Amino acid sequence: MSKRKSIKDNRILLVLMGILIVCFLLIGYSLYSYFYSKNSTGKYGDRLDNISNYPLSSTLEDDIKNIYSADTNIGEVIVNVKGRIIYITIDFVKSIKVATAKDSAIKSLEKIGDNNLTYYDVQYILTYSGSEENANFPVFGAKSSNNLKVVW
């Protein structure tokens, strides 16, 4: 009798283990589909759907660099576009006032265009690499697509 009871107990245990495994698989699949199945649309999801309506010039980086080419205070200008954000890094080689550096940086907005400024955010990084000591740098600024002003 004890042998029959043991077999019957094992069958019940196996059925319960099977149900438990199926439950874990369903929970795992649900979590995977909830968190990871939406990632197939790309890095930015649907945030760049209207970007074709706001094309940037293919020579934007050169255009912005040309604004500062005659300025002897500026050593290097780097323009990087990622998604809806335009990153502009300006390196000053001579010690200047922060207000002058900010005014100089804002000149780059002309080349982006008024229509594009309502779609793209612009991020500024103003650095100093001169030999004199200048504790005022780096300076960070941002212009949101919803705002007309650059916030420093």
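Entry 1, the core. I started with the largest nonpolar core of this predicted model. It has 26 residues, and the ones touching the most other members are Ile88, Ile90 and Phe92. I then checked which elements give two or more residues to this core: helix 2, strand 1, strand 2, helix 3, helix 4 and strand 3 (121–128). For background, I noted that nonpolar side chains tend to be buried together in soluble globular proteins.

Leaving aside neighbours within four places in sequence, phenylalanine 92 is in contact with Asn73, Ile74, Ala101, Leu126, Thr127, Tyr128, Ser129, Gly130 and Phe137.

Which residues of helix 2 (60–68) are buried? I found Leu60, Ile64 and Tyr68. These three cover an arc of only 75° around the axis, so they sit on the same side of helix 2. And what do the buried residues of helix 2 pack against? My list reads strand 1 (74–82), strand 2 (85–92), helix 3 (98–106) and helix 4 (109–112).

How many salt bridges does the structure hold? I get 1. The partners are glutamate 61 and lysine 65, with their closest N and O atoms 3.2 Å apart. Both belong to helix 2 and are 4 residues apart, which means about one helical turn separates them. I looked up their accessibility too: glutamate 61 is partly exposed at 33% relative accessible area, and lysine 65 is partly exposed at 34%. As a reminder to myself, side chains of opposite charge can pair when their charged atoms come close.

I went looking for a nonpolar patch on the surface and found one made of Leu13, Met17, Leu20, Phe24, Ile27, Leu31, Tyr32, Tyr34, Phe35 and Tyr36. Together they have about 1100 Å² of accessible area. Leucine 13 lies in helix 1 (residues 2–35) and is partly exposed, with a relative accessible area of 49%.

Tyrosine 29 is in helix 1 as well. Is tyrosine 29 buried or exposed? It's exposed, at 57% relative accessible area.

Most peptide bonds are trans, so I keep an eye out for exceptions. The bond from phenylalanine 137 to proline 138 is cis, with omega near 5°. Proline 138 lies in the loop between strand 3 and strand 4. Phenylalanine 137 is also one of the contacts I listed for phenylalanine 92.

Tryptophan 152 is partly exposed, at 31% relative accessibility, whereas serine 145 is buried, at 14%.

What does tryptophan 152 touch? Not counting residues up to four places away in sequence, I have Lys102, Ala105, Ile106, Tyr124, Leu126, Val139, Phe140 and Gly141. Tryptophan 152 and proline 138 are 14 residues apart in sequence and 11 Å apart in space, C-alpha to C-alpha.

With neighbours within four places left aside, serine 145 is in contact with Arg84, Leu117, Thr118, Tyr119, Tyr120 and Asp121.

How values were computed: Residues are numbered from 1 along each chain as its sequence is written. This is a predicted model: local features need pLDDT of at least 70, side-chain atom pairs count only at pLDDT 80 or more; totals for chains, interfaces and linings use all residues. Side-chain values use heavy atoms; hydrogens and water are left out. Buried means under 20% relative accessible area, exposed over 50%, partly exposed in between (1.4 Å probe, protein chains only). The arc is that of the directions from the helix axis to the C-beta atoms. Contact means heavy atoms within 4.5 Å. A salt bridge is a side-chain nitrogen of Lys or Arg within 4 Å of a carboxyl oxygen of Asp or Glu. A nonpolar core is a set of buried Ala, Val, Leu, Ile, Met, Phe, Trp, Tyr and Cys residues joined through side-chain atoms within 4.5 Å. Patches are made of residues with over 30% relative accessible area and no salt bridge: like charges are joined within 9 Å, nonpolar side chains (Val, Leu, Ile, Met, Phe, Trp, Tyr) within 5 Å. Accessible areas come from the Shrake-Rupley method with a 1.4 Å probe; for residues, only the protein chains shown count as cover.
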